[in-house]
Amino acid sequence: MDFHRSLNRAIGGGFLIAIGAVMTVVLIGGLTADTAVRINYVFFAAPVGVVAGVVMLINGLRPMTMRIDERGILIQHPARKVRVALGWQNVAGVSLSTLRKPKDERSTATYLTVWPRDGHNPGVPAAWVVQQNGWTGYRLVDVGDVRETEDQFGQALGRYAGPAYR
């Protein structure tokens, strides 16, 4: 089963660009007006919002390939320099785990987490390592970044991973 990247970040980036552009036009109009105009300080952040929106849009549109099938798990994410190709014979367990986000310890997300048989890194950044009950696992994908639902992940894992799916 193929999984597709969610377009939520791209849509959010486009929205941020639009709002930032309108606010930048108002800022420029206020600065270049012939009469005295009071400008709220928020408008000075508008150009930063446009740049942030462009970054979100670009990151939201970068390609990502993800497949779960009878051979195993394949993930290619060139933007994050991640390429994972794990056959089921190398997987001791796979789960959909609610874990703390690597860069934000206060919030959590549901991740596709893989627990390799020998504990070796399948090709992900070191920050994605998870330790639970003496096992070393690796966060592969935030389920929220994928268009398909958590139930569809569960169905694909139940069908293809068999007893390795926890």
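I began with helix 3 (residues 150-160), which lies across strand 5 and strand 6 (contact means heavy atoms within 4.5 Å). Helix 3 runs at about 165 degrees to strand 5; axes are lines fitted to C-alpha atoms, for helices over the stretch in contact, and angles run from 0 to 180 degrees between N-to-C directions. Helices (H or I, at least four residues) and strands (E, at least two) are DSSP runs, numbered from the N terminus.

A note on the source: this is a predicted model, where local features need pLDDT of at least 70, side-chain atom pairs count only at pLDDT 80 or more, and totals for chains, interfaces and linings use all residues. Residues are numbered from 1 along each chain as its sequence is written, and side-chain values use heavy atoms, with hydrogens and water left out.

I found 4 strands in an open sheet, ordered 5-6-8-7, with antiparallel pairing (two strands pair if DSSP finds at least two bridges between them). Strand 5 (91-100) and strand 7 (129-132) are the edge strands, each pairing on one side only. Inside the sheet, 4 bridges join strand 6 (residues 108-116) to strand 8 (residues 135-142), and leucine 112 stands opposite valine 141 in strand 8.

Then I checked the hairpin. Strand 3 (residues 72-77) and strand 4 (residues 82-87) run antiparallel, joined by 6 bridges. I saw leucine 74 opposite alanine 85 in strand 4. The hairpin has 4 residues between its strands, and lysine 81 in the turn has a positive phi of about 55 degrees.

Last, I noted that the axes of helix 1 (residues 8-31) and helix 2 (residues 46-61) come within 7 Å and cross at roughly 160 degrees.
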